[in-house]
Amino acid sequence: MLGAATLLGKAVPAAAAPLPAPIAPGSHVPVLVIGTGYGGAVTALRLAQAGIDVHMLEMGQAWDTPGSDGKIFANTRSPDVRSYWLRTRTKQPLSNFLGFPIDKDVPKHAGILDAEDFAGITVYQGRGVGGGSLVNGGMAVTPPQANFSGILPSVNAAEMYNLYYPRARAGLGVTDIDQSWWENAAAYKYARVGRKHAERSNFPHVFVSNVYDWDYMKAEAAGTVPKSALNAEVIYGNNAGKKSLQQTYIAQAKATNRVAISTLHRVTSVTPRAAGGYNVSIEVLNTAGDVTATKTVSADRVFFAAGSVGTSKLLVKLKATGALPNLNNEIGKGWGDNGNVMCGRANHMWDATGTVQSSIPTTGIDNWNAGGAFAEVAPLPTGIETYASFYLSITNTPHRAEFSWNAAANKVDLSWQTSWKQTSINMAKTIFDKINKKEGTIYRTDLFGVYKIWHDGLTYHPLGGAVLNKATDNYGRLHGYSGLYVMDGALIPGNTSVNPFVTITALAERNIDNILANELA
Ligand code: FAE
């Protein structure tokens, strides 16, 4: 099927450039990867290193060209046409400030952050080459090993912690902040206030790793380079400092000369073809989101790496509409929000959190075992003193939703109920009620609406929908079809106990190792 180029462990043929992007209608390639986030980037790199040509299809933009302001990415404080995926009004995670709504109209555009609305929840996701790595906070957290059997029970934990987590951290460029610098950095005053309050209430306060270049951040603080983290850049992209996948896995994959990427290419269907392999239908978009063309290409193997939501939506639709009828009944199930809830606390005037706050979080409060919550101490980079402490909590929610095909509306629905967030709120309150009592402080009520304490309508961490060892075998091979795989956050059943991308990356490293060794060697 894949020919001589696949001979792992034997001499790998010299790279002949893969089919150039954008992929031509009717082309046939050995491997198509749908999506360029963590799962897709690991897959492309490891296959290419084994001598296999890979074509990646990404519905978002390349994000390699500056806009009229000379910058590729917009600032968090001033979202613009680049910021949202095909919306006509921004949907900022912090929708209000001092009680006033701050969302505004924007032209519909293939922007970088998708605030995808389902009936009970808005799911934030990155769009473009690099997927979520373009918009995330870079927090690169390996879950405590004690939590792992609750995250991926069928996976050998020792192998993950000895081999694949370290490999993922190396591939992502994960490092730890210089704590002596952090202790004095003005931009982390908010985090030191967060630590003080956590420790005064006897909660473990932990530093977490990141993919941000700390030397660059030091130079930002010293005023010798253009500011990124210290200039409120993050959820609409970082113009410098953050090592997104564009700088790590995808850069390495491109350097093999075996990986091509077609952008503004949205996959709509995958069907078996009589000659073997799969036909893949694609919509070509312009930057306004209009479909300007459709095309069909084919591949011996197709890797779904469109993210938990993207992969689940495709598979649910393809099973229900008869394109891939042999997928099993686990498709669409086991989806969770990683228990995300956000809140702010109003500090006393003597606990100022600083006018300049690094947009890259560095610390968390760990009450997972006692209360089911791990809270990251998050910035509020408004540029003015807010006397607020702000937190994103990850909680041990038991709730799992299911994607289903809505034939009448021709779309995929998600059964998440907003009321399920109450469990997560209760878990987060095990931390913040106690801190408020100790400090004599109260919750902020002006950040998410008029008198609204908890942001309980979103997640940044969608997980599940094609769960490992249920919808797939124990390495991501979809049941019912050979040559179809899931490689992204859809494999993880709803929760990782910490921020998820290191686990998504490590699991992809593990699965592609197995696929290469057993099918392509
Ligand atoms: P993902 O990175 O979402 O990539 C999927 C890609 O597939 C995207 O580029 C899509 O545009 C593309 N795609 C989807 N559908 C199609 C289609 N039909 N055709 C073609 N392409 C398609 O998937 N996690 C952390 O660990 N630490 C953090 O600090 C953190 N902060 C976050 C902050 C924000 C604002 C957000 C939104 C997320 C954050 N996350 C964080 C979550 C993290 O980015 C996410 O778990 C991963 O990006 C998921 O990786 P996947 O490979 O599953």
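Colleague: Which side chain does the side chain of Asp351 make a polar contact with?

Modeller: With the side chain of Lys196, at 2.6 Å. A polar contact here is a pair of N or O atoms within 3.5 Å; within protein, one must be able to donate a hydrogen and the other to accept it, and residues adjacent in sequence count only if both atoms are side-chain atoms. A caution before we go on: this is a predicted model, where local features need pLDDT of at least 70 and side-chain atom pairs count only at pLDDT 80 or more, while totals for chains, interfaces and linings use all residues. Residues are numbered from 1 along each chain as its sequence is written, and side-chain values use heavy atoms, with hydrogens and water left out.

Colleague: Good to know. Is Asp351 buried or exposed?

Modeller: Asp351 is buried, at a relative accessible area of 3%. Buried means under 20%, exposed over 50%, and partly exposed in between, using a 1.4 Å probe and protein chains only.

Colleague: And where is Asp351 in the chain?

Modeller: Asp351 sits in the loop between β12 (341-346) and β13 (363-367). Strands are DSSP runs of E with at least two residues, helices are runs of H or I with at least four, and both are numbered from the N terminus. Setting aside residues up to four places away in sequence, Asp351 touches Val193, Lys196, His197 and Tyr387. Touching, or contact, means heavy atoms within 4.5 Å.

Colleague: What does the side chain of Glu385 reach?

Modeller: Two backbone nitrogens: that of Thr353 at 2.9 Å and that of Gly354 at 2.7 Å. Glu385 belongs to the loop between β14 (373-378) and β15 (388-395), and it is partly exposed, with 23% relative accessible area. Beyond its sequence neighbours within four places, Glu385 is in contact with Ala352, Thr353, Gly354 and Thr355.

Colleague: Nice. How far is Ala471 from Asn328?

Modeller: They are 143 residues apart in sequence, but 6.2 Å apart in space, C-alpha to C-alpha. Ala471 is in the loop between β20 and β21 and is buried, with a relative accessible area of 0%. Besides Asn328, the residues that Ala471 touches include Glu330, Ile331 and Arg477.

Colleague: Now the backbone. Which peptide bond is cis?

Modeller: The one from Ala21 to Pro22, with omega near -10 degrees. Pro22 lies in the segment before β1 (28-34).

Colleague: What about phi at Asn410 and Asn469?

Modeller: Asn410 has a positive phi of about 55 degrees, and Asn469 has one of about 70 degrees; neither is a glycine. Most residues other than glycine have a negative phi, and most peptide bonds are trans. Asn410 is in the loop between β16 (403-406) and β17 (411-414) and counts as exposed at 57%. Asn469 is in the loop between β20 (458-459) and β21 (484-486) and is partly exposed at 42%.

Colleague: Zooming out, how many helices and strands are there in the chain?

Modeller: Eleven helices and 21 strands. The radius of gyration is 22 Å, close to the 24 Å from the globule rule for 521 residues, so the chain is as compact as a globular protein of that length. That radius is taken over C-alpha atoms, and the rule is 2.2 Å times the number of residues to the power 0.38.

Colleague: And what share of the residues counts as buried?

Modeller: 59% of the 521 residues. Among contacts between residues at least 6 apart in sequence, 73% join residues at least 24 apart.
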